[in-house]
Each structure stands twice: as structure tokens, then as C-alpha cells.
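I opened this notebook to record what I looked up, entry by entry.

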Amino acid sequence: MRLLPLRWRRLYASIVCLLLVPLVASAQTRPAERDVVIGFAHINDSHGRIFQPDDQRPNQGGYARLASVLERQRRQFTGDRLFLLHAGDVFSRGDALTESTHGAANVAIFNRLGFDVWTPGNGEFYLGIANLLARGAEFHGQVILGNVIERADNKPLFPSYAIFSVGEVRVGFIGLGYIHEQHPACWGLKMLDPVDVARQQVRRLKGKVDVVVALTHLGLGEDQRLARSVEGIDLIIGGHSHSTLPHGQVLKNPAGKSVLIAQAGDYVRYLGVVRMVVHHSPQGLGIDSTATLIALDGAVPQDPAMLQFIATLAPTTNGSH
């Protein structure tokens, strides 16, 4: 093959270099991908306490105080999205309004407050599966529960997970719960080992999400086992053991990665808030999470609009038990 004259070859090389310079400069000066900040506000084990934990603690708890704190948290939140989550036991051992509506009043309050995800606890089953399915259908958010299945066909009652996009980050929630299989309402159900199911769900979500949050109603001991046993879970928000964890608890997963466990006591006496920062590094995504609890005590005013809304849920409601 005949070569071009030397002067033409030099001119050609110069033109190619000039064309490549902007591309190289662009790659070198492209800004780093920004951090994504995600908040997770959560409660658990409310047990139908719409107004207060009990008669001995009249100036604590209640959804009207929760509404006040949530309004402030949403106004002050500087991140990309603040989720609102419930980790189970909504209906059982509730007050008169909860019992008279079979939990429908509680779900109406959830919708008013804007709950995003709910994992049912064992207490949700005691009024029957049909009632739980009806309440789940009324809920405007997503109900997830992956390890409780029907014995007849091995199908879960609810979806096993939910996926949300937050900026450039995809967040996957997996739901894991506990039931008393010997209770008559649960005879047609089977509870699978949450660790086994969590491993399956993490594998299923691989490539679909960047962050995995386990929303559980298992108790602190099982949450600890989950954290230590399953690689790929970034955060566990739990219930069932009524544990009050002021700053959460950090454990290592099988790969040595830190996993934060958060739980917010019971009876709507606290709002838990986890702040997660998802940042980019040469090794991939990095995640830093911190947990706090906000007391819903007498220093928190009851939101008048929420009290008025609750009063419309049943003719006999007067703002007390």
C-alpha cells in the first residue's frame, strides 16, 4: 500500500490530536457525581394507640404529635427524599377507635400523614387475613412482606419488595415479618426463615437497586442475625421487640460492611429518623447512615388539623380513649 507523503501524514496526525483534546479535557473536568441524601422517618409497634400510649402517660405519643414533628422534619429536611415507614403492629390491642373500625381509622391516618411503606406485624393478622388485605388495599403506600406465604399455593400475601428512585439512586425495600402460626387466623399461612428470604430478595434486586433497606417486624435479636448473616443489606429498620435505640446499632455483615439497625420504641412515643448519605467512590457507592430518635412528649404540640381529621373518623371520637 502506498503511503501518503510525510507532510500529509504530519498534518493528519495534528488534526486528530486537535479533535481528541476537547474529549480528554471534558473527561478530566467532568464534575464528580453528587451525593444523594435520603431520610427514613419511621415508627413501629403503635398497637392502635391513636391518642396516647396509655392512661398513665396522657401527655405522650399520639398521631397528632407525630403530625407536628413530621411537618417540621419535612420543612427542615435538606436531602433528596424523606420516606415515612411503619415496621408493623398497627392494629392489635388498640384503643376504641382502632377496634371499632378494625384498623381502618389507623390506615386513614397513615394516608393523611403520607406513609410510603408498611410491613405488617403479627398483630395485623389477629383480625383475620381478609381484614388485613382490606386494610392493605386502603393504604396509599406500598405494603411489603416476603416471608409469610399461603400454605395452599406458597404465594406471599403481599409483594416482597418495593423500589423507589431518589435522584440517581434506586432504593429497594424488602419486607420481613413474624406471625404466630398457631393462631387460628394464621392456620393457612407459613412463615419462612427471614434470613433465607432476605438472601433471595437481595439476589433478585441485584442490578435493579443501589441501596437495600430491610423493613422488618422480627425483633432486635432477629434483626441482628439478619445483619450478620446477609450480605447486601445496607439498613435495617425494625419492630416487634419494642426496642428504643437512641442512635441505632451498627453491626458487620459477612463482608465486613457496617449495617445500621434502627428501631423507635413503641406506642408512637418516638419518631425515628435515619439520615443516609450515598456517595460515589473509586470502589463504587459508599453509604454512611446515622440514626436519631425524637421524643413525642408534652413538649410537642398536637397538630389541630390532625385532631380534627381524627374526629371525623368515627361519630363517637372525642379526642380521648
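**Entry 1: a salt bridge across the chain**

With which residue does E168 form a salt bridge? I found that the partner is R34, with the closest N and O atoms 3.8 Å apart. I noted the rule for a salt bridge: a side-chain nitrogen of Lys or Arg lies within 4 Å of a carboxyl oxygen of Asp or Glu.

Before going further, I recorded that this is a predicted model, in which local features need pLDDT of at least 70 and side-chain atom pairs count only at pLDDT 80 or more, while totals for chains, interfaces and linings use all residues. Residues are numbered from 1 along each chain as its sequence is written, and side-chain values use heavy atoms, with hydrogens and water left out.

I then located the two partners. E168 is in the loop between β6 and β7, and R34 is in the loop between α1 (6-29) and β1 (36-43), 134 residues apart. Helices (H or I, at least four residues) and strands (E, at least two) are DSSP runs, numbered from the N terminus. I also saw that R34, D80 and E168 are linked in a network of salt bridges.

I looked up accessibility, where buried means under 20% relative accessible area, exposed over 50%, and partly exposed in between (1.4 Å probe, protein chains only). E168 is partly exposed at 48%, and R34 is partly exposed at 41%.

**Entry 2: further salt bridges**

I recorded a count of 13 salt bridges by this rule. One of them joins R75 and E71, at 2.5 Å from N to O. Both residues lie in helix α2 (residues 63-76), 4 residues apart, which is about one turn of the helix. R75 is exposed because its relative accessible area is 52%, whereas E71, at 45%, counts as partly exposed.

A salt bridge also joins D116 and R81, at 3.0 Å from N to O. D116 lies in the loop between α4 and β3 and R81 in strand β2 (residues 81-86), so the pair ties together parts that are 35 residues apart in sequence. D116 is buried at 15% relative accessibility, and R81 is partly exposed at 27%.

**Entry 3: the sheet**

I traced an open sheet of 6 strands in the order β6-β7-β9-β10-β12-β11, with mixed pairing. Two strands pair if DSSP finds at least two bridges between them. Because β6 (161-166) and β11 (249-252) stand at the edges with a single partner strand each, one side of each is left without a neighbour in the sheet. The twist averages 25° from one strand to the next.

Strands β10 (residues 235-237) and β12 (residues 258-262) pair in the parallel sense over 3 bridges. The bridge partner of I236 in β12 is I261.

Helix α6 (residues 194-205) packs on the sheet and touches β6, β7 (169-176) and β9 (211-216). Contact means heavy atoms within 4.5 Å.

Which residues of helix α5 (residues 129-138) are buried? I listed N131, L132, R135 and G136. Seen down the axis of α5, they fall within an arc of 135°, so they line one face of the helix. The arc is that of the directions from the helix axis to the C-beta atoms. The face turned away from this buried side carries the exposed residues A130 and A137. The cover over the buried residues includes α3 (96-101), α4 (104-113), β3 (117-118) and β4 (142-143).

Methods
Axes are lines fitted to C-alpha atoms, for helices over the stretch in contact, and angles run from 0 to 180 degrees between N-to-C directions.
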